[in-house]
Amino acid sequence: MSKEKKTLRVEWVRRWRDDVAADPELPGVWRRRDRGFHVRGRVTDPRTGKFREVNRELPNVRIAREAFSWLQTELDRIRAGVLPDAPSETPRFGEYAQTVLERKLGLGRIRAASGRLKWEAILEHHLVPAFGPIFVNRITAADVKAWQAKVATKIKASEMAPATGNTILAVLRQITDEAVDDFDMRDPLRGIDSFDTREHSTYTEEEPNSLPPEQVPEFLSAMRQDFPDHYAFTFLGITTGLRPSSLRPLRRSGPSSDIKWGEGLLIIRRSQTHGDEVMETTKTDLHQRLTLPPELLDVLRWHVDEVLVTPKMRFSELLFPSVIGSFRARSCLDKPFAAVAKKIKLGFRFTPRGLRRTYQDLARAAGVHDAVTRAISGHATATMQLHYSTARGGEVRDALAKVASIATGADVIDIRRGQT
């Protein structure tokens with residue numbers, strides 16, 4: 001009974017990123033709140049002449065004397081100049097995160113340049129500042145929740161979108177998942193929820209980032225008049241829904257030409273997201289063969305004949321080269337789109353990402369079957385197709401009118417006539 005009371009009176013403190021008893025049970029040995037012991041000691045390393053610390057959790061040791069014996073053995077090894085076993089040297093988060101990135105690049109789990117750059121930016125600006133100095137096996141759920149609280153404050157202040165927070169969290173989760181396997185540690189992200197996105201819409205009624213079908217001709221006409229260099233790129237994107245990253249690396253000539261002019265065939269098999277790096281597959285690993293109608297082929301032939309006039313552009317094999325014959329920048333359409341939207345008084349921001357959304361609405365207005373629409377744009381699922389679609393007021397009104405006429409029949413006519 002007295003022993004139980006002693007246990008209840010233990011004062012716990014936070015030390016070395018662990019919860020331990022305030023007083024050691026033996027020199028350098030503290031009882032842990034969870035289980036086992038935490039040992040810490042220092043001794044001079046004869047190889048360097050400097051103090052070397054042993055600081056370790058021993059969760060599976062139940063007797064203080066055994067923990068003390070383990071600590072003394074480790075200190076004796078250091079005094080004798082023996083290198084510690086590799087598993088006892090755990091890297092800090094910043095170092096380990098870079099190892100995980102290199103591992104994923106080597107295994108091909110991150111292939112696109114944009115994916116690599118995204119990881120590097122997230123590590124540099126978010127995760128390393130938050131967790132970098134901490135030994136990776138010492139990161140706790142409390143550390144993650146404290147970081148989440150800071151990010152949540154930014155989201156609440158509209159300084160960061162919740163989707164961005166979840167992207168950062170997803171990278172952190174991939175790193176800790178690797179660490180759990182490498183160091184046999186408890187997952188610090190177990191039970192950690194993602195940021196709530198329910199009250200944050202990427203696309204809204206006021207900002208759909210999709211052209212109404214009736215305004216597409218006006219937009220394209222203004223694009224051809226004011227920015228002819230970008231007209232064919234825009235036209236192909238808006239009529240196929242293909243990603244700009246799949247359009248930029250298209251080759252019009254050469255041994256690996258993606259356009260078979262005689263057959264009217266367009267092959268989608270590459271992706272370019274940054275610089276001169278080209279991924280020899282698409283974002284979804286889907287290779288497409290699209291048979292183009294004469295209307296599309298005529299626009300592309302006009303582009304080749306009338307737009308690609310400089311020697312460097314003519315020498316390039318690319319269908320949409322820059323003025324120096326290289327890949328166009330990801331931002332090349334930003335200013336032209338903003339200028340054309342202002343000219344036609346669009347009333348909302350329209351970006352190159354909206355090409356893919358506008359295609360979905362055009363295909364639906366044209367009565368194209370969903371399966372064919374996805375086959376052209378490369379959407380893998382109906383869910384993603386729906387995500388890129390915008391059902392507008394007139395379209396919804398007409399659909400509801402059809403449903404109402406079926407549901408009520410002659411009653412609607414009677415009500416309109418004022419009959420009961």
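1. Basis of the note. This is a predicted model, in which local features need pLDDT of at least 70, side-chain atom pairs count only at pLDDT 80 or more, and totals for chains, interfaces and linings use all residues. Residues are numbered from 1 along each chain as its sequence is written, and side-chain values use heavy atoms, with hydrogens and water left out.

2. Glu 57 and Arg 138. A salt bridge here is a side-chain nitrogen of Lys or Arg within 4 Å of a carboxyl oxygen of Asp or Glu. By this rule the count is 20 salt bridges. Glu 57 belongs to strand S5 (residues 50-58) and Arg 138 to the loop between H4 and H5, so the bridge links distant parts of the chain, 81 residues apart. Helices (H or I, at least four residues) and strands (E, at least two) are DSSP runs, numbered from the N terminus. Glu 57 is partly exposed, with a relative accessible area of 22%, whereas Arg 138 counts as buried at 13%. Buried means under 20% relative accessible area, exposed over 50%, and partly exposed in between (1.4 Å probe, protein chains only).

3. Glu 178 and Arg 103. These side chains form a salt bridge at 2.5 Å, N to O. The pair links distant parts of the chain, with Glu 178 in helix H6 and Arg 103 in helix H3 (residues 93-107), 75 residues apart. Glu 178 counts as buried at 14% relative accessibility, and Arg 103 as partly exposed at 28%.

4. Arg 269 and Asp 258. Here the salt bridge is 2.7 Å, N to O. Arg 269 lies in the loop between strand S7 (265-268) and strand S8 (271-274), and Asp 258 in the loop between helix H9 (244-247) and strand S6 (259-260), so the pair ties together parts that are 11 residues apart in sequence. Arg 269 is partly exposed at 23% relative accessible area; Asp 258 is buried at 1%.

5. A network. Salt bridges that share partners join Asp 18, Arg 32, Asp 34, Glu 57 and Arg 138 into one network.

6. Helix H8. The 13 residues of helix H8 (residues 228-240) should span 18 Å at 1.5 Å a residue, and the end C-alpha atoms are 19 Å apart, which agrees. The expected span is 1.5 Å times one less than the number of residues. Of the 13 residues of H8, 10 are buried, so the helix is largely enclosed by the rest of the structure. Among the buried residues are His 230, Tyr 231, Phe 233 and Phe 235. Gly 241, with a positive phi near 75°, follows H8.

7. Most residues other than glycine have a negative phi. Trp 16 has a positive phi, near 55°, and is found in the loop between strand S1 (12-15) and strand S2 (18-21). Trp 16 is partly exposed, with a relative accessible area of 23%. Ser 158 has a positive phi of about 60° and is found in the loop between helix H5 (141-156) and helix H6 (162-183). Ser 158 is exposed, at 66% relative accessible area.
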